Amino acid sequence: MNSMAIDKSMNKQIRVYLLAGVATAPNFFHRCCETLQALCEQSGWNTQVEVIYPYGDNSRSLFSQVREVGGDLVYRFNGFRIGGKLVADQIRETCNGEPLILIGHSGGGAAAYQAARILVNEKRVSEFKIVQIGSPKVPIHPDYRAHVFYVHAIDQDGRFKDPITRLGSWGGWSRAAYFLPQWNRRKYAPEHIEGINVLGGHADYLRHDAPYIDEEEVSNLDKTLKRIWQWVLDSIPRVMPSTDAHN
């Protein structure tokens with residue numbers, strides 16, 4: 001894909017996890033998994049893409065799922081975070097220290113970040129990347145900012161079109177002139193933030209069939225994953241956070 005792509009002869013073992021948001025159908029990610037699997041193989045990586053439902057699928061109470069996502073949006077590391085803990089528990093069963101790529105849609109992006117923090121603090125992983133697709137804003141600890149790529153939908157004029165991405169906050173207080181406090185709305189934002197012009201709305205970033213194919217015959221799925229994978233290839237290897245537990 002580019003000059004920084006992994007040499008296929010390395011056949012590097014990695015783990016890729018696709019994390020669902022709330023009210024997601026059980027088979028929704030089938031084509032996405034196939035496409036990610038092909039991208040991994042093209043990049044010389046030996047892996048099996050796995051899907052995790054941090055808050056359950058669409059058969060579970062929507063109210064309960066939304067409440068649990070809210071617990072994963074807080075900054076403090078010792079907060080109420082069911083989704084992040086569930087993801088970390090499932091990753092422990094299959095991961096043996098390999099590099100991780102966590103791709104979360106909607107609330108799954110919040111769970112991905114919290115799970116990564118848990119696993120890094122346990123020293124179970126040393127290389128990881130987090131992709132948040134159409135996710136509510138989760139405050140990112142400064143040590144993790146370079147590891148997170150945030151994707152949000154925009155229209156043809158570059159305006160935000162996904163209301164879920166307006167939820168949550170990256171803001172925090174910083175010192176301004178004369179040591180006066182000033183609100184910085186991006187104090188805890190990811191280092192990499194990008195808008196993608198996809199058809200439809202919040203639920204449609206990873207759709208692959210009509211009417212989610214543009215005039216150039218590119219589907220939302222292909223458009224979204226192409227940009228995500230370019231960032232993954234460009235950003236590996238990167239240094240992991242050097243500190244232990246963050247509060």
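Biologist: Let's start with Asp214: buried or exposed?
Modeller: Asp214 counts as buried, because its relative accessibility is 13%. Buried means under 20% relative accessible area, exposed means over 50%, and partly exposed is in between, with a 1.4 Å probe and protein chains only.
Biologist: And what kind of model is this, and how are things numbered?
Modeller: It's a predicted model, with residues numbered from 1 along each chain as its sequence is written. Local features need pLDDT of at least 70 and side-chain atom pairs count only at pLDDT 80 or more, while totals for chains, interfaces and linings use all residues; side-chain values use heavy atoms, leaving out hydrogens and water.
Biologist: Where does Asp214 sit?
Modeller: In the loop between S10 and helix H5 (220-235). Helices (H or I, at least four residues) and strands (E, at least two) are DSSP runs, numbered from the N terminus.
Biologist: Which residues does Asp214 touch, neighbours within four places in sequence aside?
Modeller: Leu199 and Lys223, where contact means heavy atoms within 4.5 Å. The C-alpha atoms of Asp214 and Leu199 are separated by 7.4 Å, and the two residues are 15 apart along the chain.
Biologist: OK, zooming out. How many helices and strands are there?
Modeller: Five helices and 10 strands. The protein has 247 residues, and 51% of them count as buried.
Biologist: What's the strand order in the open sheet?
Modeller: S4-S2-S5-S6-S7-S10, six strands with parallel pairing. For that, axes are lines fitted to C-alpha atoms, for helices over the stretch in contact, and angles run from 0 to 180 degrees between N-to-C directions.
Biologist: How many bridges link S2 to S5, and how many link S2 to S4?
Modeller: S2 and S5 have five, S2 and S4 have three. Two strands pair if DSSP finds at least two bridges between them. In S5, Ile101 is the bridge partner of Val16, and Glu50 in S4 is the partner of Tyr17. Ile101 also stands opposite Lys129 in S6.
Biologist: Which way do the S2 side chains point?
Modeller: Arg15, Tyr17 and Leu19 go one way, Val16 and Leu18 the other, and all are buried. In a regular strand, side chains alternate between the two faces of the sheet.
Biologist: Switching to helices. Which H3 residues are buried?
Modeller: Gly83, Gly84, Val87, Ala88 and Ile91. They sit on the same side of H3, because they cover an arc of only 130 degrees around the axis, taking the directions from the helix axis to the C-beta atoms.
Biologist: What do those buried residues pack against?
Modeller: Strand S2 (15-19), strand S4 (50-52), strand S5 (100-105) and helix H4 (107-121). The direction of H3 makes about 155 degrees with that of S4.
Biologist: How many H4 residues are buried?
Modeller: 15 of its 15, and H4 is mostly covered. Just after H4, Lys123 has a positive phi of about 60 degrees.
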